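Student: Got a model open here. Can you walk me through a few spots?
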Amino acid sequence: MFRSDCKALSFGEQLWYSRPFSPRRPTLLVNRQHYRLSAAQLTLQFGDDAGFHPQPQPPLLLGQPRVMECWQALSQREDRHLYLATLPGLDPLALIDQLNRGDGRPTRLVDRVISRAALYGNRDTPGLLSFNGLLLMPVEFLLERPAAWWPLRQALTRGYFQDDQGQQRRVECQLVLIGSSGEYDNLCGFDGDFGDVVELYGECQPELDIGVRGALPLWLSAVATLCAELCGRPLSLEAAQRLARHASRLVEHQQKLSLSWAEMTRLLKRLDSAGLDEVTVDEIERALNAQTRMHNALEESAHESIQEEMVLVQTQGEAVGQINGLTVVDYCGHSYGEPARITTTVHYGDGEVADIERKSELGGNIHAKGMMILSACLYRLFGRDAPLHLNANIVFEQSYQTIDGDSASLAEYCSLISAITDSPIAQNLALTGAVDQFGNVQAIGGINQKVEGFFRVCHSRGLTGNQGVILPTANARQLNLSGEVIRAVAENRFHLYQVDKVEQALELVCDIPLAEADNEGRYPENSLYGKVQLRLEQLVGSEDEHQTLWQRIRNRFGFS
């Protein structure tokens, strides 16, 4: 039986039941301002010290004190060797060149898989170990032939080796292995004494903490230096600050900036090198937009499907058991967010909350874990003393690829409670967030892409002033949103809400104020959780007065 105030929207052969759009209530019952984020909280903010530093550092050395300390220790003793753990976006050879400028020691790069002959040499050609300088070896060449490690290990440990003539020769080189931290861990597992042979470990840092005084001006000066090297033009302060916002978005943190200089290099190479005028913020914006357009063909196609209602996403009105979740799609080095319709149905059963994605082998392990935690959260509140005589089915509608992650747990929980209580959910809101067994809302990844994905759908249909996104409070410091979203929030045409508990999210999407349980664990009947308790009692045919735990024990064992 359908609700009398619902209508069926026909899309091809599908029927989609929703309430007609209208103001949900003359007056909202929940104080939304308590949860609302201001426009100033949505991106990196600059203080009075956000200028260029008078004594800039080389970009590659900025934020790498651990590596610099290890390099200094390497230069102090000739029998030491170094493992340099690099990162994507950081050129290790250029970094070594910067580190070595003070000493000027000769370097030699190994560019192929090593062999015994290459290490020790022969009568006519000296081997790599006889090179008097820094021997730079990508660890991949060592891992491709692990057996070569053992003679190399022996030579480095002893400090000498025997050539093909049986003569003892001294190890002249200092080995610098270049790889990732994961490959270092693999080598330590392969040889338990690896850390004793290659005793120095320098790990490059991916980001710079600008909460430290003076760090932001150093980064701004470093990117200005890089701009001058690449296009021969000075960088304006406003343009440098725009690049800092982009770097902050890359690491998803308002107090940290990315040290991936390869990303900045690709961006700055798009600038016009002609002329002597300084680079403006408008040029940086155009370069960022051009870089996005190179990879966003799939994003445009997905948005077009939503606009043409091939993929159903509701951004107005109300619906029971239906909510807007948020997903992130990674494709060809480009990430974008798009909303996903999550629906829930409930019926009499044995307490199972079924994950249709998992049953159809379209859900990953982390998503399955999130569903189990969701079930545990429900049982914590309503299944302590007796099993739940209810089954639920939760699904991502129109999803035809593998889904993983637990960031939809909050939306799935709200959809489940809505289906149990037959309480409508506002479709003008989208949710993202993970939950734990105690109902705490936890941080998730891709927050900027998710917010902008839902905003784009709402904006293309026309902003109504009541649309927005609910997100974990822990993610607030990770926001670095586009100027279009920030302007809409500042003008109260779009809203962001932060929550710490699942009950706060339920309060926002259902517009029903929170209520506390009494000493016997009963919630008021007109509250959302009170309706859950009433529905569960109806499912077991118990509409009589609720019995306490002691009363149930007396009835079970026949105590008087």
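This is a predicted model: local features need pLDDT of at least 70, side-chain atom pairs count only at pLDDT 80 or more; totals for chains, interfaces and linings use all residues.

Student: Which residues does UniProt list for "active site"?
Tutor: Ser407 and Lys450, from an unreviewed entry. UniProt positions follow the numbering used here, feature names are shortened, and annotations may be inferred rather than shown by experiment. The two are spread over 44 residues of sequence, yet they cluster in space, with a largest C-alpha distance of 10.6 Å.

Student: Where is Ser407 found?
Tutor: In the loop between strand E16 (391-396) and helix H15 (409-421). Helices (H or I, at least four residues) and strands (E, at least two) are DSSP runs, numbered from the N terminus.

Student: And Lys450, where's that found?
Tutor: In helix H16, residues 447-461.

Student: Is Lys450 buried or exposed?
Tutor: Lys450 counts as buried because its relative accessibility is 3%. Ser407, at 17%, counts as buried too. Buried means under 20% relative accessible area, exposed over 50%, partly exposed in between (1.4 Å probe, protein chains only).

Student: What does Ser407 contact?
Tutor: Leaving aside neighbours within four places in sequence, its contacts are Leu326, Thr432, Gly433, Ala434, Ile444 and Lys450. Contact means heavy atoms within 4.5 Å.

Student: Which side chain makes a polar contact with that of Lys450?
Tutor: Thr432's, at 3.3 Å. A polar contact is a pair of N or O atoms within 3.5 Å; within protein, one must be able to donate a hydrogen and the other to accept it, and residues adjacent in sequence count only if both atoms are side-chain atoms.

Student: New topic. Why is strand E8 largely enclosed?
Tutor: Because six of the six residues in E8 (residues 174-179) are buried. Gln174, Val176 and Ile178 point one way, while Leu175, Leu177 and Gly179 point the other.

Student: Which strands are joined to E8 by bridges?
Tutor: E3 (residues 82-85) runs parallel to E8, with four bridges. E5 (residues 134-138) is also parallel to E8, with five bridges. Strands pair if DSSP finds at least two bridges between them.

Student: Is Met137 buried or exposed?
Tutor: Met137 counts as buried, at 0% relative accessibility. Among the residues Met137 touches are Leu175, Val176, Leu177 and Ile178.

Technical notes. Residues are numbered from 1 along each chain as its sequence is written. Side-chain values use heavy atoms; hydrogens and water are left out.
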